[in-house]
Amino acid sequence: MHELSVCRQIMQTVGQFVDDVRQIDRINIAVGELAAIDTASLAFWFPVVAGENEAKDAKLVIEHVAALADCQHCHHRFPLKKRLSACPNCQQYGYQLLSGEELSIKTIEVK
Amino acid sequence: MCGVCGCSQQEHQHEHPHAHDHQQIIAVERNILATNEKFAEQNATLFQQQQILALNLLSSPGSGKTSLLEKTILKLKQAINIAVIEGDQYSDRDAERIRRCQVPTEQVNTGKTCHLDAHHIAHAMDHLQFKRGILMIENVGNLVCPALFPLGEHYKVVLLSVTEGEDKPVKYQEMFAQADVLIINKIDLLPYVDFDVEAAIAYAKKLSPQLKVFQLSVKSGEGIEEWYQWLQQSWQASINALTA
């Protein structure tokens, strides 16, 4: 739902790291599986936003980060595709998320 | 084409970032939603400094947030200072209802945006000049986006009314995973709807194991005393923590 504004936020942030956004070739971002962001939609909107900012050559490269949980009952670590997931070891609910909520810019590659 | 894996897609996974024949890789390591998180932290600090207990009220449109606030304010305002920030896309109808309860109220109109963010709250606090009490933030009615935007609150209070279906926690997992309190509202209508209260609570507790649950009807008053008591106890606990 907010993928367009997330793209705008990405452009605004990278603008703080480079003198000239036209020099940007790639922006590498990490998106966790549970980050509630539609990466297909991000990939769709990014060229629009890049064009708005005269950075039409800039490409968004998305690294998907898998979600990993630590069961709060038995401390078994398990991957999960959705938040409503029981521990496969003890079948109970309740965990600490170790990864999977990332939404961050990792690096920028300039020409 | 990517020189590492030979793909031509924009989305691909690699163990290490690599340059595609470029001069420079700039490390950023910045959370994309950092701006809102920064404002949320600033709000949390302000609440601490001003001895404010902040609650973020969340639900679908029409679950009963504003009605719950009206009744809660009228019951508690003699004993505890209360202020309200109202979030809606348009209009100040909700703020007007709260103003009739005679507590400091600020309406934030988000326009095309479907959620309050921490920046909205920071500005509202500039106008409110509120100290030593409970701040109720009534978010825009929406079970999706407000979950992505922390405001600096102490508690997220999610309302779910019995006309909405017991499977909402399964459908809106981000929201219910973040809930500290769940209020099942409109229980006076239970004889007329097919709502499985125990199932709704069970789903919600799977997502948020420490969840505190209230079942009440704002309209009839059934069950609402427990909510008032929890608020009073939480207020007392926060004051004790601040003065310790």
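What share of the 244 residues in chain B is buried? Buried residues make up 50% of them, where buried means under 20% relative accessible area, exposed over 50% and partly exposed in between, with a 1.4 Å probe and protein chains only.

Before you click around: this is a predicted model, in which local features need pLDDT of at least 70, side-chain atom pairs count only at pLDDT 80 or more, and totals for chains, interfaces and linings use all residues. Residues are numbered from 1 along each chain as its sequence is written, chains are lettered from A and ligands numbered from 1 in the order in which they are written, and side-chain values use heavy atoms, with hydrogens and water left out.

**Stop one: all of chain B.** Select chain B and you have eight helices and eight strands; these are DSSP runs (helices H or I, at least four residues; strands E, at least two), numbered from the N terminus. The C-alpha trace spans about 70 × 45 × 40 Å along its principal axes.

**Stop two: α2(B) and α8(B).** Now pick residues 65–76 of chain B, helix α2, and residues 224–243, helix α8. Their axes come within 11 Å and cross at roughly 65 degrees; axes are lines fitted to C-alpha atoms, for helices over the stretch in contact, and angles run from 0 to 180 degrees between N-to-C directions. Show side chains: α2(B) brings residues including Leu68(B) and Lys71(B), while α8(B) brings Trp227(B) and Tyr228(B), among others. By class, that contact has six nonpolar, two polar and three charged residues.

**Stop three: Thr72(B).** Stay on α2(B) and centre on Thr72(B). Is this residue buried or exposed? Thr72(B) is buried, at a relative accessible area of 0%. Leaving aside neighbours within four places in sequence, Thr72(B) touches Ile82(B), Met136(B), Trp227(B), Tyr228(B) and Leu231(B).

**Stop four: over to chain A.** Select α1(A), residues 3–15, and α2(A), residues 39–52. They pack at an angle of about 50 degrees, with axes 8 Å apart. That makes α1(A) oblique to α2(A); angles under 35 degrees count as roughly parallel, over 145 as roughly antiparallel, 65 to 115 as roughly perpendicular and the rest as oblique. Among the contact residues, look for Val6(A) and Ile10(A) on α1(A), and Trp45(A) and Phe46(A) on α2(A).

Key
Contact = heavy atoms within 4.5 Å. Nonpolar A, V, L, I, M, F, W, Y, C, P; charged D, E, K, R; others polar.
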